[in-house]
Amino acid sequence: MSIAIEAHDLRKRFTSYERVGFLRRRRVVIDALRGVSFKIKWSEVYGLLGPNGAGKTTTVKILATLLIPDGGYAMVNGYDTVREAQAVRRNIGLVLYPDKGFYSRLSGYENLVYFGRLYGLDKSTAETRARDLMRVVGLESAMNRPYEEYSLGMRARLAIARALIHDPPVLILDEPTIGLDPLSAREVRELVSKLSKEGRAILFTSHNLWEVEEVCDRVGIINNGSMIIEGPPRDIKDTLGLKYVVEVEVMMNGHVETLREETPNPAHTLRRLINDAEVRGFNVVRVRINEPSLEEAFIRVVRNEGK
Amino acid sequence: MRVSKLDALYAVMVNELKIISREPGGLVLLVLLPYFIAGGMAFIASFFARVTVGVFVRQFLGFEVLMLSLIMVQTGARFLWEERGGGRLEFLLVSPTGMYVILLGTSLVMVLVNIGAFTIASLPILYLNYGLVGMVKLIIALLTLFIGLLPLYGIGLLVAGIIMRLNDADTVANIVTPILTILSGATYPIYVLPWWIRGLVYILPMYQTFYSMYMEIIGNASLNLVINLVLSAIAYLSLGVTTYAALERDFRRRGT
């Protein structure tokens, strides 16, 4: 089976209450998901993007069996997240809050061993896995320090180690790099890429759009509980008609001038600009092609959605 | 390699023991407090000893059952609340180990520590009054106590489910503690109660547990009492497990 995760027409509605007086409160219904569908293949990193409140974490929680959808279904490694929740749990590793979720008085290693045992490993296997993973995530030297003394970056890496403790084929990472310094975030991204090369399917959510572009093979942008657009980052940018910016710096009468043009076909435009410059006898100093970013695509999608 | 539920239960207990013992002064509290409480109970009970030895033993056992009841009913519920605050609950809920095993293991640590303390505190009293036979009877009474803990665990699951549903641990604990204390019937003569409260005392498992233990120790053991306790265990466990399962499902439906 080539599909690792399948979400089909997921719907979820929450009810909350607003205070409207000393004792009175008003019922508020929020449609968190309005029919979200997507599929993730093995060895694929799929990025789920969306502004705050778009429905990313709700989707993640449904896939992780923490939430029961009101409509639609989700399958992980062929198991239904509602009817076969136990089987799904054995197949997933979850990162939900990178900065908490561990026992503060226990060491990172002890925490990993404990969760390993809860996730079905015997004592010696859990200990071996925990030791190996502490090395993989670069926490070997801090493995016996209490969790409460860990920095945010160390906590995030430990959260990923926990997600891997039972060697699950599917990883669900909800904003695993949030709050991390650039170096730690890069390490996490490298680890994610490595894990996908091992054949795992990875769902990755983030607010950091260039990060998603760097790590993910495909991206889905959701807003107001609906999937707006989906595909490889490049295809999304093409679909939205985002243009490249080609810049050619030329030496003109002793000073540098920049010829700039927006285009969907950067190679053709670059050749033309260089030809023009040479025909006019200008020396080309430097050329630059700015690719449209996923951030532009994201902003365009979300703005169009709001109109 | 997949492990059994018993193995997971052991892991939960060891983890809980580590956490408690690493709290500031935790190890001291864990080791010494139960003995202080047991000693305190024995001291209070000794006032009744001026009447008869039987009354002394009765009080002593009554306090033990009451204390274990509070632990059994409240520990799991409070644990759930703390796990939620610490962002750990989600990871326990997505683990293949059921919450029943995790909640039982968490409660059992304090239960075992307290039973140990009470056993050590009561051994000399029973030996002095009933000789070696008294000590053997204590062991049988402790087995009865373990049966009595099962319905209490069932009530504990019910309370844990209610806490998840209401999203409030303190209020529930503040209501449950006095109700359990009053309706235990384990530390005072229940004939002073109005008939309808006495009915509640008979229905709840605390009095049944205490009375079965007491009867065992004074040599009036009755199989009927143990059968009642087993039936009570089945009833309360079924109630606790089904209610908790329904409330946890509701929790997953409303959002964690």
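**View 1. Burial and fold of chain A in the predicted model.** Of the 307 residues of chain A, 43% count as buried (20 or more other C-beta atoms within 10 Å of the residue's own, C-beta atoms being placed from the backbone). Chain A has 10 helices and 13 strands, taken as DSSP runs numbered from the N terminus (helices H or I, at least four residues; strands E, at least two). Along the principal axes, the C-alpha atoms of chain A fill a box of roughly 75 × 50 × 50 Å. This is a predicted model, in which local features need pLDDT of at least 70 and side-chain atom pairs count only at pLDDT 80 or more, while totals for chains, interfaces and linings use all residues. Residues are numbered from 1 along each chain as its sequence is written, and chains are lettered from A in the order in which they are written.

**View 2. The contact of chain A with chain B.** Chain A gives 28 residues and chain B 26 residues, with contact meaning C-beta atoms, placed from the backbone, within 7 Å. On the side of chain A that touches chain B, helix 2 (85-91) and helix 3 (108-118) of chain A each supply at least two residues. The largest share of that side, five residues, comes from helix 3 of chain A.

**View 3. Helix 8 (residues 205-217) and helix 9 (residues 223-254) of chain B.** Their axes, lines fitted to C-alpha atoms over the stretch in contact, come within 10 Å and cross at roughly 155°. Helix 8 of chain B and helix 9 of chain B are therefore roughly antiparallel (angles over 145 degrees, between N-to-C directions that run from 0 to 180). Among the residues that meet are Y211(B) and M215(B) in helix 8 of chain B, and L229(B) and Y236(B) in helix 9 of chain B.

Methods. Contact = placed C-beta atoms within 7 Å. Buried ≥ 20, exposed ≤ 12 C-beta atoms within 10 Å, placed from the backbone. Parallel < 35°, antiparallel > 145°, perpendicular 65-115°, else oblique.
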